Amino acid sequence: MGVDLRQIVAGILTITMFVMLGQMLHRDYFDAVQEKVEGDAHDIEFHGSKVALEDGLVRASEGNKGPWMEDSHELKPCWSISQSDEAVSSKGYVTFSLTNGPEYHISQITDAVMVAKHLGATLVLPDIRGSKPGDEMNFEDIYDVDKLVKSLETVVKVVKKLPSHVSLRDIAIVKVPTRVAEDYIKEHIDPIFKSKGNIRVTTYFPSVNLRKTSLDGETDPVSCLAMFGSLELQQGVSDLVDSMIQRLKKSGGRFVAIDLRVEILEKKNCRETGAVGSKTCYNAQEIALFLRKLGFESDTTVYLTQPRWESSLNILKDIFPKTFTKEEIMPASKKSKYLELENSEYENVIDFYISSRSDVFVPAIPGLFYANTVGKRIALGKPQVLVPAEISGTSGLSTDYISPYISKKNHLAYSCFC
């Protein structure tokens, strides 16, 4: 029986179509990845999809032995504070703490400012609390107090301490969902504030999705100001981050920052999701192969957020010998202060700000660190955020793995910057 050449061609095209569809689905699947974090349920957003880039958002860079992209122009704040947004004096106070690392601090400060603003209350400068009991720091140990007070002075009054005449018994504890809106505050929090006079806000995270809502253009300008214009590192920490970035750049001119922490990977077990080639997270070997298939050369400088070196990371260093953790690039004179406690707030802050300013950022783990790092990178004009995936062939294009937060311009930051 003769073979119809057209049937053979049609069969090949059908198989090719299914392979391509599988590759697209496995990265989009991250939009629905679920995980549990101690104390709260989180809807983790780990975006990744093969999409066309818009408006020349990223441009491939020639040379430098890798698929590097040029930074885009630094964006400018679009928000403006109207007269109705200006601070209103009140006798009541809003207190809160910063917890769980800088990626959470951004959301916590934003929610506290929103609550204080729409209640007409005075905001009390927060303390900073680590994951371990008794691990507490002052706000000024990490952040610039004057910057916070000055940036918010037009919308809310900030005091450094709760007045002595206010008893802790007079403060009601109120839980608010992250990205709390004015309507929620008026309905659920204002009655408690009027009754007690003072409240303590704790933010919970039903979702870490930082995509823009369907109500584009209606983002509260106070929220934008608090999220992107209030927190700045104090001089000592800022200088340390700058020095570490310079050491990384001296090693290779440009560098890749990878959020890869062994302890979290072990808890997640990086399980398969069901979609073709899709996983909930990626280990060192998988990240190394991903970068090599995208064209990053073996002399690429890599920074890991991993606190201390683990043997499971050796494969990454075998492929990219210039791979460093913070203990290897931190000046020796600073280690006693900033590395004395494993997983300290200092270390988390260093990781976050280095990842925000690296030439390339690769999140091996989905979560709020990824989402808020992308937000800062958008404001800084650093669009090369590559979401990992298993590349079936021998190579791939880096532009196919740009985070949809950026390629689709659907991150909340695009509501605040232009």
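1. Phe361 of S16 is the bridge partner of Ala257. Strands here are DSSP E runs of at least two residues, numbered from the N terminus. S13 (residues 255-259) and S16 run parallel, joined by 4 bridges. Two strands count as paired if DSSP finds at least two bridges between them.

2. S16 covers residues 360-363, with Val360 and Val362 pointing one way and Phe361 and Pro363 the other way. All are buried, meaning under 20% relative accessible area with a 1.4 Å probe, protein chains only.

3. This is a predicted model, in which local features need pLDDT of at least 70, side-chain atom pairs count only at pLDDT 80 or more, and totals for chains, interfaces and linings use all residues. Residues are numbered from 1 along each chain as its sequence is written, and side-chain values use heavy atoms, with hydrogens and water left out.

4. The chain averages a pLDDT (the predictor's confidence in each residue, from 0 to 100) of 82, and 78% of the residues score at least 70. Over residues 12-64 pLDDT stays under 50. The model has 127 contacts beyond four places in sequence for that stretch; contact means heavy atoms within 4.5 Å.

5. The whole structure holds 2 cavities of 30 Å³ or more. A cavity is a set of points on a 1 Å grid over the protein atoms alone where a 1.4 Å probe fits but cannot get out.

6. Strand S12 (residues 198-204) gives the most, 3 residues.

Definitions and conventions:
1 Å grid on protein atoms, 1.4 Å probe; cavity = no way out; pocket = protein on both sides within 12 Å on 5 of 7 lines; lining within 4 Å. Points joined across faces, edges and corners; volume = space filled by probe spheres on them. Buried < 20%, exposed > 50% of the residue type's maximum accessible area, 1.4 Å probe, protein only.
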